[in-house]
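The sequence and the structure come first.

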Amino acid sequence: MNKDSRIFIAGHRGLVGSAIHRELTRLGYTKVITRPRAELDLLDSTAVNNFFAEERPEYVFLAAAKVGGILANNTYPADFIRDNLVLQTNIIDAGYQNQVKRLLFLGSSCIYPKLAPQPMPESSLLTGPLEPTNRPYALAKIAGIEMCWSYNRQYGTQYLAAMPTNLYGPGDNYDLANSHVLPALIRKTAEAIRTNASSVTVWGTGTPRRELLYSDDLAQACVFLMNLEDERYNTLLTENEPPLINIGTGEDVTIRELAETVSLVLGFKGSFVFDASKPDGTPRKLMDVTRLHSLGWHHTTSLEEGIRRTWEQVRERLSVAS
């Protein structure tokens with residue numbers, strides 16, 4: 001991508017999209033195109049096609065998605081599969097119709113089987129049953145990968161699907177009804193500090209392991225991939241396997257260890273109570289990042305440092321006294 005390339009970020013206000021926007025701005029890209037939902041409904045195929053025809057983006061980061069944690073996925077399964085299928089289909093097809101040079105489709109580690117080998121290589125895709133609690137969302141993302149691969153094979157597009165591990169950062173969702181595990185832990189711990197509570201209740205047993213990547217690190221990986229020279233980029237776009245690459249740290253912690261790190265960073269002196277009557281979700285989700293490391297990219301932000309940066313950004317919003 002040149003500094004004056006026309007670059008569209010779909011979902012620029014979300015956790016991933018906002019991080020990509022910050023990274024592109026930091027690097028001096030001058031023609032980054034964004035649209036809030038009020039101005040462009042990505043579920044409206046006509047609106048999306050008209051937008052692409054008018055703006056003519058050369059590169060697209062497809063970071064827009066309907067996302068949520070276990071509770072939201074269990075409560076709104078139809079919304080998750082419908083909205084994600086429609087949204088990504090509209091953008092992927094509009095990219096082809098308007099000669100986009102490269103498109104990066106952002107998915108999730110939940111595309112891999114619930115009991116996939118650990119760490120999970122890209123070849124694990126479609127080798128076993130999915131985690132039931134987020135199967136509709138995962139199937140939508142798998143369909144997006146297949147769509148990218150199909151368009152590449154039929155139309156010669158250069159669409160790449162990147163599967164990040166669990167993400168966190170300043171733009172995260174802290175609503176306890178539909179947030180992921182780390183922002184939920186931060187929110188609950190912040191409220192415990194504010195109310196002088198002696199304990200925080202955490203869903204599940206605390207034994208599942210999770211890999212977590214700071215959102216700004218993900219953004220750097222995404223820009224790195226989009227800027228690969230053709231020879232290396234095209235090694236990811238083959239006829240015989242999906243155009244798929246994992247993005248992660250290659251390291252994981254238990255939910256209990258994660259809670260303890262949050263406690264350390266926020267200064268919480270109480271205890272954590274694990275409610276084993278609530279679902280644990282997938283027992284372990286560790287990405288095999290061999291392919292990404294072989295291209296020359298590694299994460300740089302430690303988990304504790306990432307949580308600290310996140311807390312600095314959201315502390316005032318969560319109304320916790322110093």
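## Helix packing and cysteines

In this predicted model, helix α9 (residues 255–266) and helix α11 (residues 303–314) cross at roughly 50 degrees, and their axes come within 10 Å. The two helices, α9 and α11, are therefore oblique to each other. The crossing of α9 over α11 is right-handed. On the α9 side, the contact is made by Leu-258, Thr-261, Val-262, Leu-264, Val-265 and Leu-266. On the α11 side, Leu-303, Glu-304, Ile-307, Arg-308 and Trp-311 take part. Sorted by class, the contact of α9 with α11 has eight nonpolar, one polar and two charged residues.

Helix α9 also packs against helix α6 (residues 181–195), at an angle of about 45 degrees and with the axes 10 Å apart. That angle makes α6 oblique to α9. Here too the crossing, of α6 with α9, is right-handed. From α6, the contact involves Val-181, Leu-182, Leu-185, Ile-186, Thr-189, Ala-190 and Ile-193. From α9, the contact involves Ile-255, Leu-258, Ala-259, Val-262 and Leu-266. By class, the contact of α6 with α9 has eleven nonpolar, one polar and no charged residues.

A further pair is helix α1 (residues 15–27) and helix α7 (residues 215–226), with axes 8 Å apart and an angle of about 65 degrees. Helix α1 passes α7 in a right-handed crossing. Residues Leu-15, Val-16, Ala-19, Ile-20, Arg-22, Glu-23, Leu-24 and Leu-27 of α1 meet residues of α7, among them Leu-218, Ala-219, Cys-222 and Val-223. The contact of α1 with α7 divides into ten nonpolar, two polar and three charged residues.

The table lists the angle and axis separation for each pair.

| Helix pair | Angle | Axes |
|---|---|---|
| α9 and α11 | roughly 50 degrees | within 10 Å |
| α6 and α9 | about 45 degrees | 10 Å apart |
| α1 and α7 | about 65 degrees | 8 Å apart |

The cysteines are the remaining topic. A disulfide is a covalent bond between the sulfur atoms of two cysteines. In this model the count comes to zero disulfides. Cys-110 is in no disulfide, and the nearest cysteine sulfur, that of Cys-148, is 15 Å away. Cys-110 is buried, with a relative accessible area of 5%.

For Cys-148, the closest cysteine sulfur is in Cys-222, 13 Å away, which is too far for a bond. Cys-148 counts as buried because its relative accessibility is 0%, under the 20% cut-off. Cys-222 also belongs to the part of α7 that meets α1.

Methods
Residues numbered from 1 in each chain as written. Predicted model: local features only at pLDDT ≥ 70, side-chain atom pairs only at ≥ 80, totals over all residues. Heavy atoms only, no water. Axes fitted to C-alpha atoms, helices over the stretch in contact; angles between N-to-C directions. Helix = DSSP H or I, 4+ residues; strand = E, 2+ residues; numbered from the N terminus. Parallel < 35°, antiparallel > 145°, perpendicular 65-115°, else oblique. Left-handed = near helix turned anticlockwise from the far one by under 90°. Contact = heavy atoms within 4.5 Å. Nonpolar A, V, L, I, M, F, W, Y, C, P; charged D, E, K, R; others polar. Disulfide = S-S within 2.5 Å. Buried < 20%, exposed > 50% of the residue type's maximum accessible area, 1.4 Å probe, protein only.
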